[in-house]
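Please look over the notes below alongside the model.

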Amino acid sequence: MKAQLGRFGVVGIAAMLVHWCTVAVIVPLGMVPLLANVVAFLVAFQVSYWGHRHWTFEAADQQHRKTAPRFFAVAVASFLVNEAAYALLLQYTPLDYRVALVLVLGGVAGMTFLLSRHWAFR
């Protein structure tokens, strides 16, 4: 479990960096942060799914038609929490959109790990 949690952290940080960098690149191009967050989620999902499938949960022998929809459901649930918290932080705090995003991405990681471990990749 300890090694799995460590691998989850490495993959999660990689996905978080992809997510954050995507937002940081497209917001200055004129996209509003909440919409940029949706785009970034879809990009970072690829890093997260493949990393967790092949390394964190070692579920490469499981069929994609089982794991992909389950993990996508977990990711969407986590993203909905992320987007709601992000919207609240953007509206009610003076935080920069990049700082607020780091806080919410880190905040939903535990929920994602538990749902992934006990359901998506089982």
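1. The largest pocket has a volume of about 430 Å³. A pocket here is an open set of points on a 1 Å grid over the protein atoms alone, where a 1.4 Å probe fits, with protein on both sides within 12 Å along at least five of seven lines. The volume is the space filled by probe spheres set on the points, joined across faces, edges and corners.

2. This is a predicted model: local features need pLDDT of at least 70, side-chain atom pairs count only at pLDDT 80 or more, and totals for linings use all residues. Residues are numbered from 1 along each chain, and side-chain values use heavy atoms, without hydrogens and water.

3. Helices are DSSP runs (H or I, at least four residues), numbered from the N terminus. The largest share, 7 residues, comes from α1.

4. The lining divides into 13 nonpolar (Ala, Val, Leu, Ile, Met, Phe, Trp, Tyr, Cys, Pro), 8 polar and no charged residues (Asp, Glu, Lys, Arg); the others, Gly among them, count as polar.

5. The axes of α1 (residues 2-26) and α5 (residues 109-120) come within 11 Å and cross at roughly 125 degrees. Axes are lines fitted to C-alpha atoms over the stretch in contact, with angles from 0 to 180 degrees between N-to-C directions. The contact (heavy atoms within 4.5 Å) involves Gln4, Leu5 and Phe8 of α1 and Ala109, Thr112, Phe113 and Arg117 of α5. These residues divide into 4 nonpolar, 2 polar and 1 charged.

Definitions and conventions:
Helices (H or I, at least four residues) and strands (E, at least two) are DSSP runs, numbered from the N terminus. On a 1 Å grid over the protein atoms alone, a cavity is a set of points where a 1.4 Å probe fits but cannot get out, and a pocket is an open set with protein on both sides within 12 Å along at least five of seven lines; lining residues have an atom within 4 Å of a point.
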